[in-house]
Structure formats: structure tokens, C-alpha cells
Amino acid sequence: MSDVESRLVAVRLRRALRLATLLVAAGTLYGLTLPWWLSSAPDDAGGARLGWAFLLLTIVAAVTGVLLLRARLYGGTRWVLVATVVTAAVVAGTQLPYGVAGWFALVLLLDRGRIATAFLLAYSAARLVQTVVAGQDVTGMVVLTALVLGFQLPVVAAGTILERVADQAAAARRSREDLRTAEVVAEQVHESRLSRFAQLSTTTVPLLEDLASGAADLSDGRVRARYAVEAAKLRRLFAESDETADPLRHELTACVTLAERRGVALHFAVWGDRPTPPLPVRRAMTEVVLRVTSVAVSEARVTLLGGPEHVSAGVVTQVPSELVPTIADAVQGVSLAVTQVVEGTKVWVEVTWNVPD
């Protein structure tokens, strides 16, 4: 049986227990209270009080039955009905057969085990005090109290158990859903890493092989730029696995800080509350910026800004004229607006992503 089915079964059993308890309450009301009321003299004050209590409890029985059938016994209405039961018990006093009010309270408080138990005990104590004050048979009342509580308290225990079963089933279902979600996310992350490693293997691995064999000419600025770009990509790959509130900022920082290690004076400014683009978009945006900062020679200003509907990343720097990067292929397949301005050795690039409608 699934967790959802278990909870549904628990809810149905609790509802059935409530209906059964309501039948018991109605039986005590019409089987005990009604004959006693009809046998009272019309001018008897106790009989009149009992009549009012009978009317109030009849209203509670009718309203509770309707709410149970519609599965709407919750919220403020429940506590209004509880207050009505208490009112009926207070109005009737010792004229109301013991246990009647308790059964009605059980129907309303079956899912609140501690409150139901406290009500039954308080009501029993109050009836014992009323019995002593009225000079009635205390011993008989004690025995009756023990007998009635012997039936009512197990009902409270059954309701508590059903509530616990329902909560455990819900908790188990949530735990299973969280586990499935985590598995899906882990699988997606794993596939994404494999894809990125596959892409890097076509660019990074050959560079490493050239470096190991001595074939790489590190005196060539273009070669150094290629190594700088691939190093930034690797840092970005690792940053993508981190848990952070602002992934784009985190990944962009990982890409551009390598320029600082080469002696470039890096200024990174961030403004505005921005949306978080999906991973392919973030990769394209950081790719544009890292290609420029990887060939910066002295100073670079990187900006990340945006608003509720867009986010932009830009960089202004100076690069050798022969190393001005090509960025068109960095945004292929991604909906981005790219602006690039080159004036001699000065390069300004900005890439913007707008939230789809």
C-alpha cells in the first residue's frame, strides 16, 4: 500500500470513528436524555434546563453530522460547537445524564487527543463536585464516571493512533518525494557534468597534451590566451556545482578572478535584484566575459546588473589588437543580446538576457 493510500485509509477510518461516536452521542441524547426530559413535570425548573440543553445538543448533533458528511469539521465552527456543548452541560447541570456531553465533545475533539482527554477529566471532576453539592450519591457517581471513562478514553486513544498513522504516512510520502527529487536533480547534475567534461575534452585535453610534450609555445600571446580561457572554463565548471543564492555572480567571479592572478587590476561591480538565468544562458554569458578578461593586459571593469525582467554582464578593458576575442560563437543557440565595441585596444562587451514572456 502506498503512502498516499495509507493516509487515505487513516483519514477514512478517523471519519468512520467520528461518525460512530456521533451515533453513540445521539443514542445517549435520545435514549437517556429525552425520556428523562419527557418524564419531568412541565413546571419543574430542572426539566426546563434539561429541555434547553437537549435543544442545544440536538443542534450540535445536526450541524456536526452535516459537517462530517461534507468533511468540513474544522476551523472556527468546531470550537463554536464545543462551546455549545459546554453551554448545554452548564445549563442542565446534574439534570443531564453523565457522559452525554462527553460523547459530543469526543466527536468534535477526536483529532485533538490531549484536549479531548482534558475536557473529559474536567467535565468528570465538575460533575463530581456538582454531585457533592447537590447531596446526591457520590459513590454511585464515582462508579458511573469510571465506567463511562472506560469507554470514552479508549476512543480518544484510537483517534490519536489514527492521527499519528495519518501524519506518519504523510511524512513518509514527503520523504519519498524529496528523495525522488534529489535523485532527479543528482542525475541531471551528473549528466550536465558529463556533457561539460565531454566539451572540455575537445579543447582542454589537447592543450594539456601540448603542454606536457613541450609543443606549446607559451611565448605566443595567442597560446597563452587559449590556456587562460580553458583555465577559466574549468573554474566555472567547478563553480556550477556549488550551492549559492546567486549562481551567475558566483560563476562569473570564478571566471574573471584568474585575470587578477595575471596582474590585471579587476573591478567587479554588482547592482540590482536580478533573475537567475538557466544554466545554458549563464554559461554563454560567462563565456563572453571570460574570453575578454583572459586577454586583458592591465585593468578590467566587470559589471553585473539587471532588474526583475533582465540581467546584463559586461566588461571594459584593453587588450592587444591581435588578441581581440571573437564572441559570436559563444552565444550560439542561446537567446542573448550581445553588444561589442572595439576602439583600438579598448574593448567593451555587454551581453543581456531577458526573461521570456
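This report walks through the cores, strands, helices and salt bridges of one predicted model.

## Ground rules

The model is predicted: local features need pLDDT of at least 70, side-chain atom pairs count only at pLDDT 80 or more, and totals for chains, interfaces and linings use all residues. Residues are numbered from 1 along each chain as its sequence is written, and side-chain values use heavy atoms, with hydrogens and water left out.

## Two nonpolar cores

A nonpolar core is a set of buried Ala, Val, Leu, Ile, Met, Phe, Trp, Tyr and Cys residues joined through side-chain atoms within 4.5 Å. Buried means under 20% relative accessible area, exposed over 50%, and partly exposed in between (1.4 Å probe, protein chains only). The largest core here has 39 residues. Leu-57, Val-85, Leu-96, Phe-104 and Leu-108 have the most contacts inside it. Helix 1 (3-38), helix 2, helix 3 (76-92), helix 4 (100-109), helix 5 (113-134) and helix 6 (138-201) each supply at least two of its residues. Helix 4 gives the most, with nine. Helices (H or I, at least four residues) and strands (E, at least two) are DSSP runs, numbered from the N terminus.

Val-85 touches Leu-57, Val-60, Ala-101, Phe-104, Ala-105, Leu-108 and Phe-119, leaving aside its neighbours within four places in sequence. Contact means heavy atoms within 4.5 Å. Another core lies apart from the largest one.

## A closer look at Leu-50

Leu-50 sits in helix 2 (residues 45-69). Is Leu-50 buried or exposed? Leu-50 is buried, because its relative accessible area is 0%. Beyond neighbours within four places in sequence, Leu-50 contacts Thr-33, Trp-36, Trp-37, Ala-92, Gln-95 and Leu-96.

## Strand pairs

Strand 1 (residues 265-270) and strand 2 (residues 299-307) pair in the parallel sense over six bridges. Two strands pair if DSSP finds at least two bridges between them. Ala-269 has Thr-303 as its bridge partner in strand 2.

Strand 4 (residues 337-343) and strand 5 (residues 346-354) pair in the antiparallel sense, over seven bridges. Glu-343 is bridged to Lys-346 in strand 5. The hairpin has two residues between these strands, and Gly-344 takes a positive phi near 70°.

## Salt bridges

How many salt bridges does a search of the whole structure find? The search finds 11. A salt bridge is a side-chain nitrogen of Lys or Arg within 4 Å of a carboxyl oxygen of Asp or Glu. One joins Lys-233 and Glu-230 (3.5 Å, N to O). Both lie in helix 8, three residues apart, about one turn of the helix. An α-helix has 3.6 residues a turn, so residues three or four places apart point the same way. Lys-233 is buried at 13% relative accessible area, and Glu-230 is buried at 8%.

Other bridges span more of the chain. Glu-240 and Arg-283 meet at 3.0 Å, N to O. Glu-240 is in the loop between helix 8 and helix 9 (247-261), while Arg-283 is in helix 10, 43 residues apart. Arg-291 and Asp-329 meet at 2.7 Å, N to O. Arg-291 lies in helix 10 and Asp-329 in the loop between strand 3 (310-318) and strand 4, so this pair ties together parts 38 residues apart in sequence. Through shared partners, salt bridges join Glu-230, Lys-233, Arg-236, Glu-287, Arg-291 and Asp-329 into one network.
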